[in-house]
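Keep the structure in view as you read.

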There are 2 protein chains.
Amino acid sequence: MNYRFIIQYDGTRYSGWQKQGNTDQTIQGKLEAVLEKLAGEPVEVHGSGRTDTGAHACGQAANAHFHTERSCGQIKDFLNRYLPQDIAVLDVRTAPHRFHSRLNAKQKTYCYRIHTGQVRDVFTRKYTHHMAQDFDLEAMRAAAALLTGTHDFTSFCGNRRFKKSPVRTITQILIEQKDQELQLWFTGDGFLQNMVRILTGTLAEVGMGKRPADSMTDILEAKNREAAGEALPAQGLTLMSVSYE
Amino acid sequence: MNYRFIIQYDGTRYSGWQKQGNTDQTIQGKLEAVLEKLAGEPVEVHGSGRTDTGAHACGQAANAHFHTERSCGQIKDFLNRYLPQDIAVLDVRTAPHRFHSRLNAKQKTYCYRIHTGQVRDVFTRKYTHHMAQDFDLEAMRAAAALLTGTHDFTSFCGNRRFKKSPVRTITQILIEQKDQELQLWFTGDGFLQNMVRILTGTLAEVGMGKRPADSMTDILEAKNREAAGEALPAQGLTLMSVSYE
């Protein structure tokens, strides 16, 4: 049977979603270890995509094929009992045999959180990036409008050896200040490596008056990573949701 | 000069506010160490009261007498630069010589947070207590009304050898469900050891139908710790604010 999962995690302690080399400090690795215990055989988990070392998820999507007598509710309880406290499975359901979390994903939404208070916030310090700044939200929104749509995002890709198509469609960028927190919400059909963090870093520079909003067009056209701003740290980034047909 | 501080901390790693024995893992101890570095001599910090091992604060109040050439803003910056990331000083100001954070405190407000979702919340897991339950808020509010006012709270005191007056005045108890979080807010002129956690545990039992709301009167009259419910874990407890004249 093919099962779909919705997974929440505090990524602080992990080397990202994806299993790699000989570290088991990945979300995928932790899930596969518990599912192997449940199924009695190795289970491969497919995520909707990687998340960076230290980045978080409220609604990562994944699927896995395995056999069990347990109901979906029982699988969920088993996972939450044996997973570490910083990973939780919010939903388990059966899926069509050919369903694949990454290949069938239509849209993803990320949120980047910046704590803008003068003093750090001890309770959100692992989930926000601290910049004790005032930001010009109107300038940031004008810049964001130029980044929305279908573009070659090479300038916003952290992997300089990326070989596949760098064209992505950003459906929406929302920028909101809530008390001492600035949130940037990005929805699109997919994001290149570090792309949300570089987009946020570039928009933050616009908000601080270090770049004009209309320079986004030039940055996109440059197709050169040097043209865009710095990637902000992964700890401020959360994958909020993945949507399917 | 006498300085007043407002301090926020994530208490997860600490043995509470108050310095004790040979551990420096207390908030008071961390503050005194940084103030000694600033003032060039030992500094004694007076808090508005203890907080339990693992409990948190959004607005703990404290004061300390010391000499420095620095302005209040510079003292605040110095403290936030050298304190650990899970302690932050939100405000520093000068106070009258005789001001004492504990002796002059008029009211304190605590919030106890219970995560009521079926699955743990990975982002608030250190600041909430998880009880996957529906609670009868009306019954809890009826019980809370009987606890409000001036009473002998011996039944709600975790220290059985407590020698001073166990009479306290609770001004207000607010009970609110926000999405998957149940919050209990307590305001009063002071609270005995573990009192907020025992009050919350007892009210939670009322909310689960394990005790009638009107049994609060009997519990108060019993003046016996056995009559009340269990203390809930410290991690759900946050000292929100301390008020002065």
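What pLDDT does chain A average? Chain A averages 96, and 99% of its residues score at least 70; pLDDT is the predictor's confidence in each residue, from 0 to 100. This is a predicted model, in which local features need pLDDT of at least 70 and side-chain atom pairs count only at pLDDT 80 or more, while totals for chains, interfaces and linings use all residues. Residues are numbered from 1 along each chain as its sequence is written, and chains are lettered from A and ligands numbered from 1 in the order in which they are written. For the complex, the predictor gives an ipTM of 0.89 and a pTM of 0.92.

Start with the fold. Chain A has five helices and 10 strands, taken as DSSP runs (helices H or I, at least four residues; strands E, at least two) and numbered from the N terminus. Its radius of gyration, over C-alpha atoms, is 19 Å, close to the 18 Å of the globule rule for 245 residues, so chain A is as compact as a globular protein of that length. That rule is 2.2 Å times the number of residues to the power 0.38. The C-alpha trace of chain A spans about 60 × 40 × 35 Å along its principal axes. Of the 245 residues, 40% are buried (20 or more other C-beta atoms within 10 Å of the residue's own; exposed means 12 or fewer, partly exposed in between; C-beta atoms are placed from the backbone).

Now take helix α3 of chain A, residues 137-147. A:Met140, A:Ala143, A:Ala144 and A:Leu147 are buried there. Seen down the axis of α3(A), they fall within an arc of 105 degrees, so they line one face of the helix. The arc is that of the directions from the helix axis to the C-beta atoms. These buried residues pack against β8, α4 and α5 of chain A. The face turned away carries the exposed A:Glu138 and A:Ala145. After α3(A) comes A:Gly149, with a positive phi near 110 degrees.

Finally, the partner. The contact takes 16 residues from chain A and 16 from chain B; two residues are in contact if their C-beta atoms, placed from the backbone, lie within 7 Å. On the chain A side, β1 and β4 each give two or more residues. β4(A) gives the most, with four.

How are the copies related? A rotation of 180 degrees with 0.0 Å of shift along its axis superposes chain A on chain B, at an RMSD of 0.0 Å (least squares on C-alpha atoms of residues with pLDDT of at least 70 in both). The two copies are thus related as by a two-fold rotation axis. The same surface serves both: 100% of the contact residues of chain A recur in chain B.
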